[in-house]
Amino acid sequence: MTTQIEMPSSSAIESTPTTAEQMTEQEMIEARRLAAWERDRAQIEDFFSDPMKYISAFWQEYKPIVYVLGAILVSLFALNLIFGVIGFVTSLPIISGLLELVGIGYTVWFVNRYLLKVETREELSQMMDGMKQDVIGAAQPIADDFKNAINPDETLS
């Protein structure tokens, strides 16, 4: 696929402007393409001459993201492993029924121990408040302390 280019006459060459501002559109595209190639080639040569510089810069910039993605992948792997073990255990004929009986038995015991009588419900409520205090760190909301500090005569219960 050879194309022949007609050479302009000498009078056309003399009248053709030679400044960069008056280059044809095709010549401008070609010049930009060559400049981009030279820039990219220099970046590629720089990368392969010292790759550790780029790797350490990447690591410093994206370290938190890499840690989060790694934690997500590890947790997904752990969940997959746990679900696999649970699936295996529940597929065993005797173990599956035994685990269901243990769950039903514990539910019956919990209802009998804590939910049937008023005193035991209060005991459960106190235990839950104690656990809440351990987690949150305050027995009553801070807003109540603030209100009591402003008006010590009025106490909210």
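Residues are numbered from 1 along each chain as its sequence is written, and side-chain values use heavy atoms, with hydrogens and water left out. Because the model is predicted, local features need pLDDT of at least 70 and side-chain atom pairs count only at pLDDT 80 or more, whereas totals for chains, interfaces and linings use all residues.

**Confidence**
- The mean pLDDT (the predictor's confidence in each residue, from 0 to 100) of the chain is 81, and 73% of its residues reach 70 or more.
- Where pLDDT is low, the predicted coordinates should not be read in detail.

**Helix 3 and helix 4**
- The axes of helix 3 and helix 4 (residues 93–115), which are lines fitted to C-alpha atoms over the stretch in contact (heavy atoms within 4.5 Å), come within 5 Å and cross at roughly 100°.
- Helix 3 supplies Val89, Thr90 and Ser91 to this contact, while helix 4 supplies Pro93, Ile95, Ser96 and Leu99.

**Salt bridges**
- The whole structure holds seven salt bridges, each a side-chain nitrogen of Lys or Arg within 4 Å of a carboxyl oxygen of Asp or Glu.
- Glu45 pairs with Arg41, their closest N and O atoms being 2.7 Å apart, and both residues lie in helix 2 (residues 25–49), four residues apart.
- Asp129 and Lys132 meet at 4.0 Å, N to O, and lie three residues apart in helix 5 (residues 118–136).

Terms used: Axes fitted to C-alpha atoms, helices over the stretch in contact; angles between N-to-C directions. Helix = DSSP H or I, 4+ residues; strand = E, 2+ residues; numbered from the N terminus.
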